[in-house]
Amino acid sequence: MATKLQSRLKRRTTPDTTATPEANQTLGDATETLSGAGGADAPTTPVDKTSLIAELRQRMKRIEARTQPHATSPESPPRNTDTAEAPPRTPSVDTALPGEVIDTAMGEVWCHQPHFDAGHHHGDVPIHTFLTTGHGLATLCRDARIADLSPEGALFIDTETTGLSGGTGTLPFLIGVAWFTASRTFVVEQIFCRDPSEEPAQLERLRHHMARATHLVSFNGRAFDLPLINTRCILNRAPNPGVKLPHVDLLHVARRIFSRRLANRSLNNLEDVILGFRRQGDIPGAQIPAVYAHYLRTGEAADMVRVFEHNALDLIALAALGGVLENMYNDPEAVAHAADNLGLAQSAFHAGHSARGFAHLHRAEVADDADERQVAWHLLARQARRSGDADTAHQAWQNLVARYPDDAAAHLALAKDFEHRLKDYAQAIVHARSAQEAEGEEASERRLARLGKKDMREKNET
Amino acid sequence: MTRRTGNATSDDIYTVVAHWRAGGISGDFCAQETTNPTPGQTARFPEWIDIPILQAMTSLGITSPWQHQVDAWNSIAAGRATVIATPTASGKSLAYIVPIVARLLSRPSARALLLFPTKALARDQESTIRRFIDLCGADLKTVVYDGDTPGDVRRKARTEAHIIITNPDMLHTGILPHHTAWAQFWAGLTHVVVDEMHTYRGIFGSHVANVVRRLQRVCGFYNARPIFIGCSATIGNPGELGEALFGAPTTLIDKSTAPTGTRTFVLFNPPVVDPVMGIRASAHRIAARMGADLVLAGVTSLIFCQTRRGVEIVLRYLRDKVRQNGGDPGRIRGYRGGYLPLLRREIETALQQGDVDAVVATNALELGIDVGALDAVLLCGYPGTIAATHQRAGRAGRRQSPSLAVLIAGNAPLDQFLAREPAYLLHSTPEVALVQPDNVTILLAHLRCAAFELPFATTDRFGTLGIEDTDAALSCLTAESDLVLRNGRYHYIGSAYPAAQVSLRDVGNPVVVVQQESGEPLAEVAWRAAHFELFDHAIYQHEGETFEVQRFDPAASKAWVSPVPPVYYTTAVAQSRIAPLATHATTDGPGGTIFIGDVSVVENVVGCKKIKFRTHENLGYDEVSLPPLQMETEAVWVQLHEHALRDWPPDITPLALDGLRHALHQVTALRLMADPRDIATLLQGPHLDAPDAIHAETAALDPDATASPTPPPVTLYLYDTHEGGAGLMERAFASISLLFSDAQTLIRGCPCPDGCPACIGPLPVPAHHNLKDIAARIAAHLVVVHGD
């Protein structure tokens, strides 16, 4: 006997069987509607549970057939828990997906392991460039621990998920990881849940890789992938070694270096602009959740193959981008855009590597863009003064006022330098007169008054 | 006159009332009832209460608690789900704060979650709790976690706060879907408090019951089994409501042992000023006159109005009167929605210090806000429910001091009904608060959210649902592609973040925003109600002001209005059709068979009538074009036996039936603590083809009755206007006989000669002089004498 709730649910799933007055849109039909009242008892006749289940199944099949007109193997999830569930996949599905089943302590999971040899290029960049990373990347991601770690210990990570809004129920159904072997091969492993029940095995496999890694490399993994993996580990009561590993998040690095000239700092745009790689027929990220839902319902893998490809490209791009960033840091002369030298210089100074910082700044000094040159000279002056190189600082300010006569901040700096270091009050007065905008009217007047007195005294003494 | 504030003596109050009754105010004193003072019943502090709490209680001036507080403490300490439903000012907050703080002091990892229906109440309670914790000298963090909480405070709150105060909406969309970020909090969670529990009724309550089910699942995942505590104002079924919300039996503490002073309750009906139309003097003017008398006698007063505009009117009248009599109009304050918290605090402080003689307020003051001691409460018009009347009247009189509450009847039909039948108010139990957690649409919405939060096993239960029901519902979601079943577990694969798509205030439909021409939002109206109230050129009344709808755009869920002078109001004419889908139970009455079950309803607003204010004169009919509404809901329906109708002339019967329908609608709303818009009534059957007779929201038209060889029985439907039902109908079915008896009383008791809007609704003139009698007699046929 179906409960009240069950018969309501049944009507919901089979609306075409119910006598709704919708069918009787004309007023003249109201009588018919009324005579339906006489049959009101009909739904209360005992409904056999099994027949209800059978009907529900039929209904589900119809719905699935409707939503997925090309479904090759629509799968109706079994309702009855007494009978063993049929495996939700057909062999043809497994063959369509690249990869194979692997065993873990937590059961089976699907893994695809494409290899890329050391000579593989992503756009203009050979991916083995990443193997030269160390000091530079450590400086750029502002984590000194990275400097001492071998690039072979890096685990690249990127997930494909059922949603981008976050929240506990977002499933990273594909966790892509990658690493370089001793023979400089780039090995990608894509750990895929053919259905959500494989997640414990997926996380176990991930744990296995993380346990061997010394650090992680990702793009926005700090804010997205890793917290999500942590949530999934809590839900599956699984350990998460990833939280302890040093983490190179290339999104943060890219923001610091490229924000002066690139409004769009997505991985795809960086690939295009920095690596010279343009994707062909790549699946848009926004479509990926729907592709997985479709795969789960139908077992159709065609679009899922594209998600695997997308994920592998993301991992390769990480390696290439990491390598390029290391090179850019190490070789200021090779940096194509002086604007980027500025960002690199800032990170160098932040880490205390002044020589490298100045090297980048000297490149930026000759930037095409006048604004960038101005920023570069200011940074140069500030860092030179901090490192005790007063002459370089002075020269930078002089360069600034020569080329940018309205630069009040440079005039102010020179006014101070002439007053306190060089004791040239006449020169100090000249610059102080142009510095009012930088320090305000009141302070400027006080400064000029003081300088006037000092100048007079000096003149009197001589 | 010597002015005393607070603690008026019995003499002060009696003198004023006696003065009124002696002709000081003309009108009818329909009822006056005085309850004797009761002494408080104190108890000893239980042994388990530690010194810091005893010290805090002493600092609050409490050396011995009331018995009911101790009962609550012991019940909570024993781990029982507990509902505390005692009147205003009986120390409800302390009834849960004490055992919670006691637990937090003894176990540093323990956590508590407090739910309040509004942000304002959450902030009020936060300061109360912090003060208590400070008095204990304890280092326990209390954080309000809602939409206004800044990001850094949120992060800290999740790991560091001992007490989180929030609202059901935030729990639903902001906390539960991110439960892993709160792992530490859940693991330690020992108490969940649902304060102002009586506000969780109908659709909102049905949603909240499901949010609680989700909360319990998440707690279960972290091996926590918190104790649920509900606090309710006086309602008819606090224990039952607690059980429905918490999904478990509750221990009910509903006998207040706090002392009460002499309480006098007066039901007053203003004098008739227009004998032809039966219109009475404005309750606002009466309230101002009574308020002035009270203020001048040194009796501090709180005057409740139904609308903001009412507040302003009474405030003006009252200040004028007080000024004319040499009083200080500055000591009369207003208090209504829109006042900022700072101003509210100032008024509260002024009251406590005796700097205020009277406060004129809307129900903004109703919920839990502490305004201190007052001697008298005046209610301008019936607040809509017995429970709300009790709650507002309970504002008068702290502890042993005497108090007065006066309900001044308005012109509304319900007010006049109560004025004629004061026993309803004085001797009926307060209304019940009903919820329907298993409303299919609501249930499925929350199952989606729940599956997003944690996968379901096929052997799981959701709240009180059985395994099979839970599984059937999950299968339904699987069929709708929101879940997949693999290896005995349902996994969520639907659209991202399902909670964002579920509003706790409606069933599946958008809420319509009413906007003024300036673009400023005026109000929000539920989807179905919008079709009946916001069609193009409808007159929309808000807070006592009149607007005309310029345009209603259902697709955009918006309606634009502009103010107009109040000349007439509009009432929608709908063509509705209803069809039973399933019968859950039937019962036979002498005049008909009564069913309860599910129905499908199509409602189509096709026109509107313009009715002149006061005279109820019909000024004309306009056509309206709106897409029809279709829903499945719960209904009670009565198939009338032919013999119940055959004695009456066929031309009168449809009108009489419609009159009965109108009366039944009124009394059902009254009995079920429902907004009249929560239910609808509809007649279907042959010979009901007098369109003019059919007023209000629904009309049944059957011009072609002869087509059927045996005419179907006339059927009177009473249905829930919320998709899937909000739990009203089971109660209506159980008390259907009583409802018809009430309807009969309403019709017979109305002093009008031939039927009026107050009893059988606005009817075409001239009304048949037997109409009321026939309607009442049909109703009588449907009353089952007990034991029948």
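In this predicted model, Val194(B) stands opposite Gly230(B) of strand E7(B). The two strands involved, E6 (residues 189–194) and E7 (residues 227–231) of chain B, pair in the parallel sense over 4 bridges.

**The parallel sheet of chain B**

- E6 and E7 belong to an open sheet of 7 strands in chain B, whose order is E4-E5-E3-E6-E7-E2-E8.
- The pairing in this sheet is parallel.
- Which strands stand at the edges? They are E4 (142–144) and E8 (251–253) of chain B; each has a single partner strand, so one side of each is left without a neighbour in the sheet.
- From one strand to the next, the twist averages 15 degrees.

**The mixed sheet of chain B**

- Another open sheet in chain B has 5 strands, running in the order E21-E20-E24-E23-E22.
- Here the pairing is mixed.
- Strands E21 (521–525) and E22 (539–542) of chain B take the edge positions, and because each has a single partner strand, one side of each lacks a neighbour in the sheet.
- The twist in this sheet averages 35 degrees from one strand to the next.

**Chain A as a whole**

- Chain A has 19 helices and 10 strands.
- Of its 462 residues, 45% are buried.
- Taking contacts in chain A between residues at least 6 apart in sequence, 63% join residues at least 24 apart.

**A helix pair in chain A**

- Helix H15 (residues 390–403) and helix H16 (residues 408–421) of chain A pack at an angle of about 140 degrees, and their axes are 9 Å apart.
- Why is H15(A) called oblique to H16(A)? The angle of about 140 degrees makes the pair oblique, because angles over 145 are what count as roughly antiparallel.
- The crossing of H15(A) past H16(A) is left-handed.
- On the H15(A) side, the contact is made by Ala390(A), His394(A), Trp397(A), Leu400(A) and Val401(A).
- H16(A) contributes Ala410(A), His411(A), Ala413(A), Leu414(A), Asp417(A) and Arg421(A).
- Sorted by class, the contact of H15(A) with H16(A) has 7 nonpolar, 2 polar and 2 charged residues.

Technical notes
Residues numbered from 1 in each chain as written. Chains lettered and ligands numbered in written order. Predicted model: local features only at pLDDT ≥ 70, side-chain atom pairs only at ≥ 80, totals over all residues. Pairing = 2+ DSSP bridges. Axes fitted to C-alpha atoms, helices over the stretch in contact; angles between N-to-C directions. Parallel < 35°, antiparallel > 145°, perpendicular 65-115°, else oblique. Left-handed = near helix turned anticlockwise from the far one by under 90°. Contact = placed C-beta atoms within 7 Å. Nonpolar A, V, L, I, M, F, W, Y, C, P; charged D, E, K, R; others polar. Buried ≥ 20, exposed ≤ 12 C-beta atoms within 10 Å, placed from the backbone.
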